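Me: I would like to learn how to read a protein model step by step. Could you take me through some features, giving the general idea before each case?

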Amino acid sequence: MDTNTRFENIFVAENQIPEEFQLPELHQKEYLLNGEIVHWDGPVNEVWSPVCIPGPDGLKRKLVGTYPDTSPKEAMQALDAALAAYDNGMGEWPSMSVEKRIECMQNFVYLMIKQRSLIIKLLMWEIGKSLADSTKEFDRTVDYINATIDALKDLDRESSRFQEAEGTIAQTRRLPLGVVLSMGPFNYPLNEIFTTLIPALIMGNTILFKLPKHGILAHYPLLEAFKEAFPKGAVNTLYGKGSEIIPPLMESGKINVLAFIGSSKVANGLKKQHPKVNRLRAILSLDAKNAAIVTNNADLDVAVSECIAGSLSFNGQRCTALKLIFVQEGVADEFVKKLSEAVSALKPGLPWDKDVKVTPLPEADKPAYLKECIEDAAAKGAKVMNEGGGYMNVSFVFPAVVYPVDDSMKLYHEEQFGPVVPVVRFKSIEEPIQYQVDASHGMQVSIFSNDAAEVASLIDPFVGLVSRVNINCQAQRGPDVFPFTGRKDSAEGTLSVFDALRSFSIRSLVAAKVTDANKELLNKIVRDHESGFLSTDYIF
Ligand code: G3H
C-alpha cells in the first residue's frame, strides 16, 4: 500500500463505523446551577469531531452535538450559588464532617461509573483519543478519586488528636479556602480537570467548573451525578467563551482559588484580573517543552521506544510530552534512522480502530500551525526524515521526525503540542543543559544513557532546572501519587493525590493554655461531640 492510500483510507463512511462506536447527536440543553439542572433555551455552540466523514464535497468533520453558549450573566449566577453554598465556611458542604463528605464522593464515583461507556465514547468522538487511551483516562480518574478518598482518611486521622507544646495545647485541621474556579485542558478533559476539582471539592470548597474547549459533552452524563451526590451549589458548571465569562468572575474578587491547566500567558492574564491578588491562591500547570537527551552511551532501542511513547502518545498532545530530542553526534544518525522507521510504522486510524496509534486532531487550526513549523525548519536546513511524515488531510496529520533542528527554528522554542518530533544533534553535553537554562519553562527531562557517571553528572544540574528527571524513560505525570509540578513558567503549586488535598486547603488550629480549667473545657466539648472541628473521632 503506498503512503497516501494508507492515510487516505482512514476516514470512512458513517455506516462503516462499527455500530458499538456510533453515536447519535447529543444536544445538551441543560447546565448545573445551584443544585438544579437548569434548562437552556438560548444560543448553543456546536461540537465538531476530529473524525471526518467523506461526502460529496470531500471530508467533513462530523457533528457530535451542541451545548449551551451561556453568558457572563449565568457565570455570575454560578458564582453567587457557589458563594452562598460556601457561606463563609458555614455552608452545608464546607461544614459537613469529613466522613459525610467522603460518603458523598463515594456516591458520586458510583454514579460516574454507570456512565463509563458513554463517556469513553464521547472522549473518542470529541477529542479523537484512542479507545485504549480514552478507557485509561476514565479508569485512571476513578482510581484518582478513590485514592483521594483514602488520602483524606489518612489526613483526617492525623488531625484527630491534640498536640501539646510549650504549655499550649492545640488541635490542627485542614479546612477549605472558599470558591474554587477550576479550568482544565482539552487533552485530558476528564482527568486533568478532576485532579483539581475532586480534591478541591472533597476538602469542602465550592466549585465553579469551566468546561474545557474540547471534551465538553463528555461531562454531560455527569451533571445528574454531581446534582445527586452533592449539596446544592457545591458544584456549578460554566459554559460559553472563556474570554467573556471568566473576566467578570475574576474581577469580582470573590474567587479564592484559581485551578488552571493551560498556557502561562492565559494564567498570568487571569491572575491580574483579580483585584485582591493576595487573597487568590493559584494552582497552575502550564507551559512545557520537555527535552529528551540521548547520549552516545544510550541503549538506542530503549531510547527510540520511550521517545516515541513520550513524543507521540495521543499525537503529542500532552503537557508532559517530549517536545525536543537532543541526540549526541556519535549515535545521532543511527538514532534518527531507527526513530524514523519506528514512527513510520505507527498505525494511523480512527480512535476505535484496533491498535491505532495516530488519530485525527481536535484543534481545527493545529494542522496549519504544524505545517508552518515544519516549513520554517525546512527553510533553515532541516528535513522530514520519515516516510509519510507531515502528511496532512483536514484533521489528520501523520507524525514528522524533523532533523537536524537548531535554535534558529520555531521547533526549537515553541511548544508544538502535536505530532512533530524535532531532533537536535549535539556535540557537548553542555548544549542541552544550556537549552534548559535558557528555557522559560522547567517541567521534566528524560536522560538516555547507561553510563552511571554520565547520568549522575546530568542529574545534578537538571534537578535544579526542572522538577522531574526521568532516567531511560519518557516524561510523564504518573503515577499519580508522585508530585507533579514544574519550575519557572511551567507550574505553580504541586499536585499529587497527597499534595492536592493540601493545595486546596489551609490549616486552622484551636489552641489553649494547658490549665486544669481549659483541659476540663476541651474534654467536655470533645466528649459531648459539641464541635465538628474539635473532635477526636477516627474514620475507619
Ligand atoms: O497533559 C498533561 C498530563 O498531565 C499528562 O499526563 O503524563 O500521564 O500523560 P500523562
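This is a predicted model: local features need pLDDT of at least 70, side-chain atom pairs count only at pLDDT 80 or more; totals for chains, interfaces and linings use all residues.

Me: Which strands pair with β14, and in what sense?

Reply: Two strands pair if DSSP finds at least two bridges between them. Strand β13 (residues 290-294) pairs with β14 in the parallel sense over five bridges, and Phe 326 of β14 is the bridge partner of Ile 293. From β13 the chain passes through helix α11 (residues 300-312) to β14, in a β-α-β crossover that is right-handed; that word applies if, with the strands pointing away from the viewer, the path from the first strand over the helix to the second runs clockwise. Strand β19 (residues 420-426) also pairs with β14 in the parallel sense, over four bridges, and there Val 423 is the bridge partner of Ile 325.

Me: How many salt bridges does the structure hold?

Reply: Side chains of opposite charge can pair when their charged atoms come close. A salt bridge is a side-chain nitrogen of Lys or Arg within 4 Å of a carboxyl oxygen of Asp or Glu, and the structure holds 23 of them. One of these joins Asp 139 and Arg 116, at 2.9 Å from N to O. Asp 139 lies in helix α6 (residues 131-159) and Arg 116 in helix α5 (residues 116-127), so this pair ties together parts that are 23 residues apart in sequence. Asp 139 is partly exposed at 27% relative accessible area, and Arg 116 is likewise partly exposed, at 31%.

Me: Are the partners in the salt bridge of Glu 363 with Lys 366 buried or exposed?

Reply: The closest N and O atoms of Glu 363 and Lys 366 are 3.1 Å apart, and both of these residues are buried. Asp 355 and Lys 354, whose side chains meet in a salt bridge at 3.4 Å from N to O, are both exposed.

Me: How many aromatic pairs are there, and how should I read one?

Reply: Rings of Phe, Tyr and Trp (its six-membered ring) pair if their centres lie within 6.5 Å; planes under 30 degrees apart count as stacked, over 60 as edge-to-face, and the rest as tilted. A search of the whole structure finds 22 aromatic pairs. Among them is the stacked pair of Phe 21 and Trp 352, with 5.9 Å from centre to centre and 10 degrees between the planes. Phe 21 is buried at 11% relative accessible area, and Trp 352 is buried at 8%. For Phe 326 and Tyr 412, the ring centres are 6.1 Å apart and the planes are at 80 degrees, so the pair is edge-to-face. Phe 326 lies in strand β14 and Tyr 412 in helix α14 (residues 410-413), so the pair ties together parts that are 86 residues apart in sequence.

Key:
Residues are numbered from 1 along each chain as its sequence is written. Side-chain values use heavy atoms; hydrogens and water are left out. Helices (H or I, at least four residues) and strands (E, at least two) are DSSP runs, numbered from the N terminus. Buried means under 20% relative accessible area, exposed over 50%, partly exposed in between (1.4 Å probe, protein chains only).
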